[in-house]
Amino acid sequence: MNMTLRGVLLALVMSIALTAQAVAGELTSSSPGQKALRGVANLTLGLFIEWPKTICYEAREQGPLLGIPAGFLAGFGLGLMRMGAGVYELVTFPIALPADYKPLLSPRYPFEPGRTVVSPALIARPREGDRS
C-alpha cells in the first residue's frame, strides 16, 4: 500500500469511529480522550472537508458567481485553521486548556453541519473593571 492510500484509509476509519461515538451520545462532554480524537479528526480531515463545505455555504448565500471564489479562499483558510487547531488539540490533550477541554472551533468536527467559527470559549471578554 502506498502512503496516500494509507492516509485515506486512516481518515475513513477515524471518521466512522467518531461518527459512531457521536451517535452513541458519548461526545456530549469533553475529556482528554475526546480532545485527542477532535485533534486527530481536525488534523486529518480539516482541509479536505472544510474547503468544499465552505464553498457550498458561500455559493448558497451569495450565488455561484461570487460564492465559489469567496468560498474557495475562505474554505482554504478555514481548513488550515482547523488543521492548526487539530495539531494544538492533539499536542495539548492532557492539559485542560481551554477550561474543561472545550473545543477551539464550532462545530467540533469538520464533518458536522454548520459554518466553522471560533469557539466562544476563546473569545476574550472584557472584565467589568477594565474600561478604556
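Student: In this predicted model, are Arg-82 and Glu-50 buried or exposed?
Tutor: A residue counts as buried when its relative accessible area is under 20%. By that cut-off Arg-82 and Glu-50 belong to one class, and both are buried.

Student: How far apart are the closest N and O atoms of Arg-82 and Glu-50?
Tutor: Arg-82 lies in helix 3 and Glu-50 in helix 2, so this pair ties together parts that are 32 residues apart in sequence. A salt bridge needs a side-chain nitrogen of Lys or Arg within 4 Å of a carboxyl oxygen of Asp or Glu. Arg-82 and Glu-50 form such a salt bridge, and the distance between their closest N and O atoms is 2.9 Å.

Student: Which residue meets Glu-89 in a salt bridge?
Tutor: Glu-89 is in helix 3, and its partner, 51 residues apart from it, is in helix 2. Both members of the pair are buried. The N to O distance is 3.3 Å, and the partner is Arg-38.

Student: How far apart are the end C-alpha atoms of helix 3?
Tutor: Helix 3 has 28 residues, 64–91, and at 1.5 Å a residue they should span 40 Å.

Student: Where does helix 3 bend by about 25 degrees?
Tutor: Among the buried residues of helix 3 are Gly-67, Gly-71 and Gly-75. The bend of about 25 degrees is located at one of these, Gly-71.

Note on methods
Residues are numbered from 1 along each chain as its sequence is written. This is a predicted model: local features need pLDDT of at least 70, side-chain atom pairs count only at pLDDT 80 or more; totals for chains, interfaces and linings use all residues. Side-chain values use heavy atoms; hydrogens and water are left out. Helices (H or I, at least four residues) and strands (E, at least two) are DSSP runs, numbered from the N terminus. The expected span of a helix is 1.5 Å times one less than its number of residues. The bend at a residue is the angle between axes fitted to the seven residues ending there and the seven starting there. Buried means under 20% relative accessible area, exposed over 50%, partly exposed in between (1.4 Å probe, protein chains only).
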